[in-house]
Amino acid sequence: MLLGFLRPTAGRASVFGLDCWRNSSRIKADVGYLPGDLRLPSWMNGGEALRIFGMIRRRDMLRQGPDLAERFALDLGVRVSEMSRGMRQKLGLVLALAHRPRLLILDEPTAGLDPLMQEALRHLLREMAAAGHTVFFSSHTLGEVEQLCERVAILREGRLVADASLEELRGRSQREVTILWNGEASAPEDPPPFLRLAAREGRTWSGHLAGPVRELLVWAASQPIEDIRIGHPDLESLFRRYYRQGSDAS
Amino acid sequence: MNRGVIVKAARETWAATLLLGLGLLFVEAILSYVLPTFQEQFSATFLQLRFVQSFLQALLGTEMSGRIDPGMFVSVAWVHPVVLAIVWTHAILLCTRVPAGEVDRGTVDILLGLPVSRWELCCSETFLWIVSGVAILSMGMAGNVLGSSRLPPEMRPDASRQMIVLANLLCLYLAVGALTWLLSSMSNRRGRAISAAFGAVLASFLLTYLAQIWSPAERVSFLSVLHYYRPLPVLRDGLWPARDMLVLGAAAAGLWVAAGVIFNRRDLSTV
């Protein structure tokens, strides 16, 4: 919808203050886009793709393109029909980045890339973000999102269920608590009221803190505890929690 | 119009255009030489058959009324089913590229992700389609001139009249292409759009033929595109088929605009 492929059935979407349906081509002049399922004409090679896409964009993409290709170790002389999935993905990234867009929309950009190239991409995206470019990044690999993104939105069945900075999302959630007792017998029968247990496995309790940390620390000081870990949940458990809440509600 | 889109489209279609153009050149050269050369043999054998007469009348779009002359044989070179099939194949191939072809091969996302409006895309593709249509018909004309240059001077067709036929054929080409464009703009599968377009031109062909032998079909024969393409009277009398060209041109323009409007308003994505 942001790129004007789909017409909104209700409401409106805008990018750079312009309506995404009516001003789609103006918006796209400053957008770099990588689709999730990238398909390129099979007869093109990287150089031709940069030349033709540059002509369509009315920008010289051959200035930045070869440098980007070098960073991704991509041979621009190979035809798309002879490229592996990873090479096609790299070419897609070069085509999305070569005109230095103000906004990047990347759908699963690391799919098909080896770990070294994934790191090179993360590095490049961080550079672009630091230079003031906006990167709109969609991924099912939440560890990757956690490493890269400042702000996270979670979609559930096509609806936005969360949209906040990672810190804010973590702050909104209850802290995760893991307690390791000295021995199985030393654990009390019931947890204190501010600790909601999710699991008891041998000497280990894990759950969520439903009160202030200080209260937990005071209580823990009087218990035969070998180790205690109090932390913010990672993105994956936040995501699971949002999905679970949604399922419970429905 | 967008130069990059035109270059991309030209890169993807030049081989088909060249191949079909050479095919048309070859067929026209053969027909324009063979038919007038062997007209006596054809007249004595094939043209005595009722079925062949009806078929030829359907193709020529006019009553033969027993008049069998070189002009009739020359005009067959412009209405021969192989010639029409080549011209229509080219129009159908080019006019199903966008959007059906792009959606079908999954490249529409990357194409629409570029800063080009759908109307601009439509106009650029149309520009290439018309230019390559003119090129392919010119190759047909070249074949015709090449073939008839081997005939005795008195049997050679009049070049200016042939140009009028060519202009009429271009209008027919545009009408078939615009109809195909409309079918393509409503489809996500190129194969489906091609089948529907071939079905429509085949139905048109059959309707024109049936109109020669079945009066109910004659009443609706105006619905067929071939009803507006009649080379024989042009080659015999040298008159411009202004009404026929106008109808075909208006149909092409109307269908193209409808296709553009649908293409501009519909949701397009491979996801």
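**Figure 1. Contacts of W78(B) in the predicted model.** Leaving aside neighbours within four places in sequence, W78(B) is in contact with V83(B), V165(B), L169(B) and P231(B) (contact: C-beta atoms, placed from the backbone, lie within 7 Å). This is a predicted model, in which local features need pLDDT of at least 70 and side-chain atom pairs count only at pLDDT 80 or more, while totals for chains, interfaces and linings use all residues. Residues are numbered from 1 along each chain as its sequence is written, and chains are lettered from A and ligands numbered from 1 in the order in which they are written. W78(B) sits in helix α4 of chain B, residues 70-79 (helices are DSSP runs of H or I with at least four residues, strands are runs of E with at least two, and both are numbered from the N terminus). W78(B) counts as buried because 28 C-beta neighbours lie inside 10 Å. A residue is buried if 20 or more other C-beta atoms lie within 10 Å of its own, exposed if 12 or fewer, and partly exposed in between, with C-beta atoms placed from the backbone. P233(B) is 155 residues from W78(B) in sequence, yet the two are 13 Å apart in space, C-alpha to C-alpha.

**Figure 2. Helix α5 of chain B.** This helix covers residues 81-95. From first C-alpha to last, its 15 residues reach 21 Å, close to the 21 Å expected at 1.5 Å a residue (expected span: 1.5 Å times one less than the number of residues). Since 11 of the 15 residues are buried, α5(B) is largely enclosed by the rest of the structure. Among the buried residues are V83(B), W88(B), H90(B) and C95(B). V83(B) is also a contact of W78(B).

**Figure 3. The side of chain B that touches chain A.** Here 24 residues of chain B are in contact with 22 residues of chain A. Helices α1 (3-37) and α7 (108-112) of chain B each supply at least two residues of this side. The most comes from α1(B), with seven residues. By type, the residues of this side of chain B divide into nine nonpolar, eight polar and seven charged (nonpolar: Ala, Val, Leu, Ile, Met, Phe, Trp, Tyr, Cys and Pro; charged: Asp, Glu, Lys and Arg; polar: the others, Gly among them).

**Figure 4. The fold of chain B.** Chain B has 13 helices and zero strands. Buried residues make up 49% of its 271 residues. Among contacts between residues at least 6 apart in sequence, 81% join residues at least 24 apart. Along its principal axes the C-alpha trace of chain B spans about 60 × 40 × 30 Å.

How values were computed:
Contact = placed C-beta atoms within 7 Å.
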